[in-house]
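Work through the exercises below with the sequence and the structure in view. Each task is followed by a solution in steps.

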Amino acid sequence: MSNTQTSGRSIGNVPAPRTGRTVTAAQRDIFRRIPKVELHCHLLGAVRQSTFAELAAMRAAPVTSDQIASFYARGARPVGVLHVLRTLEKHILLTPDDFRRIAYEYLEDAAREGVRHAEFFWNPTATIRDAKLPYAALQDAIVAGMRDAEREFGISSLLIPSIDREATPDDAVAMVELLIANRDDSVPGIGIDYRENDRPPELFAEAYHRARRAGLRATAHAGEFGMPWTNVATALDLLQVDRIDHGYSILENPALVERCVERGIVFTIVPTNSYYLRTLEPERWAAEHPIRAMARAGLKLHPNSDDPTLHNVTPGGAWELMYSHLGFDIAALRQMMLHGLDGAWIDTARRTAWAAAWPIEFDALTTATSWQESTLP
Ligand SMILES: [Zn+2]
């Protein structure tokens, strides 16, 4: 058994490593402690199992403890993430204080994993509709949780209200209008996520245009689930995004890759992405993972946890997999740490200070141990 296993389950339930590398407890601790930002995490995918169970009991929600346990056990036939999210939205997260709590707890967990700054997604549309809670109260509650976490754990954060592609284009515009009407420095931009297969980015162009006209930042999930590279091009050219979440199918268009390399677009990638776990054979998963080809092409990559509690991964675990399973060396991870700063929506003063201090900290942590060559082809 690989020693990258924790409590019987591998990180993110990925196949056994084929790099010839093993990770010691000391090295695992280093992956956890290296200074990092997290730019791609969904608030409802980061809810602690204990909090889910406690709120379900309090609300007498129609979900059994066995069902809750199955949501968090990513076995051979995992429960779909969308089903888990809809359960949370309909039956569990029913007051603004629930949102304050899960934001605070996510950031507490992230801070423990060496995350100094987190930018995380939240889909307001379904919550407003299902729980009938006003947007302003929800945003205020989440921002209060973020402030508490910064004071207590030293982690800064930004909230990214995100368009759930299940929503209509009009709902997306309405979400942007709410964000603009409740402008807060902690909520600087928008994203879009879920169900890319039949909901291409151009459907939501009007929402993005309104956001851009109001001076908001923008990112988009694009080129994920084996979807066409055209979604990445549309996100960049029509939606005018600052960075791309996932973006793997960009490899199908070398000219677009070249353009993104030249512009220095940051891709927030997810080593535990379930699409590739489903579609690539375990023996070929790491060698053929598009993340490796994206790096070879010169794209700026930054690894993230995405849905950490649901996918049994942590921020430190995502960085560890880049070394243990995907074969990146320590110099590449050091560069990815800096890509995270390039992609983060932080001010120039902080970016400059961190870009100067973090490599020194990174080197001090990583030079004391010996790292193995990867045997991946
Ligand atoms: Zn995501």
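**Exercise 1.** State how many helices and strands the protein has.

Solution. In this predicted model, the protein has 17 helices and 10 strands.

**Exercise 2.** Decide whether the radius of gyration agrees with that of a compact globule.

Solution. Step 1: the chain has 377 residues, and a compact globule of that length would have a radius of gyration near 21 Å. Step 2: the protein has 20 Å, which agrees.

**Exercise 3.** Determine why strand 6 counts as largely enclosed.

Solution. Step 1: a residue is buried if 20 or more other C-beta atoms lie within 10 Å of its own. Step 2: by this rule, 50% of the 377 residues of the protein are buried. Step 3: in strand 6 (residues 189–193), five of the five residues are buried, so the strand is largely enclosed by the rest of the structure. Step 4: this holds for both sides, as Gly189, Gly191 and Asp193 point one way, Ile190 and Ile192 point the other way, and all are buried.

**Exercise 4.** Find how strand 6 pairs with strand 5 and with strand 7.

Solution. Step 1: strand 5 (residues 156–164) runs parallel to strand 6, and three bridges join them. Here Ile163 stands opposite Ile192. The chain passes from strand 5 through helix 8 (residues 169–181) to strand 6 in a right-handed β-α-β crossover. Step 2: strand 7 (residues 217–222) is also parallel to strand 6, over two bridges. Ile190 stands opposite Ala218 in strand 7. Strand 6, helix 9 (residues 205–213) and strand 7 form a right-handed β-α-β unit.

Note on methods
Residues are numbered from 1 along each chain as its sequence is written. This is a predicted model: local features need pLDDT of at least 70, side-chain atom pairs count only at pLDDT 80 or more; totals for chains, interfaces and linings use all residues. Helices (H or I, at least four residues) and strands (E, at least two) are DSSP runs, numbered from the N terminus. The radius of gyration is taken over C-alpha atoms; the globule rule is 2.2 Å times the number of residues to the power 0.38. A residue is buried if 20 or more other C-beta atoms lie within 10 Å of its own, exposed if 12 or fewer, and partly exposed in between; C-beta atoms are placed from the backbone. Two strands pair if DSSP finds at least two bridges between them. A crossover is right-handed if, with the strands pointing away from the viewer, the path from the first strand over the helix to the second runs clockwise.
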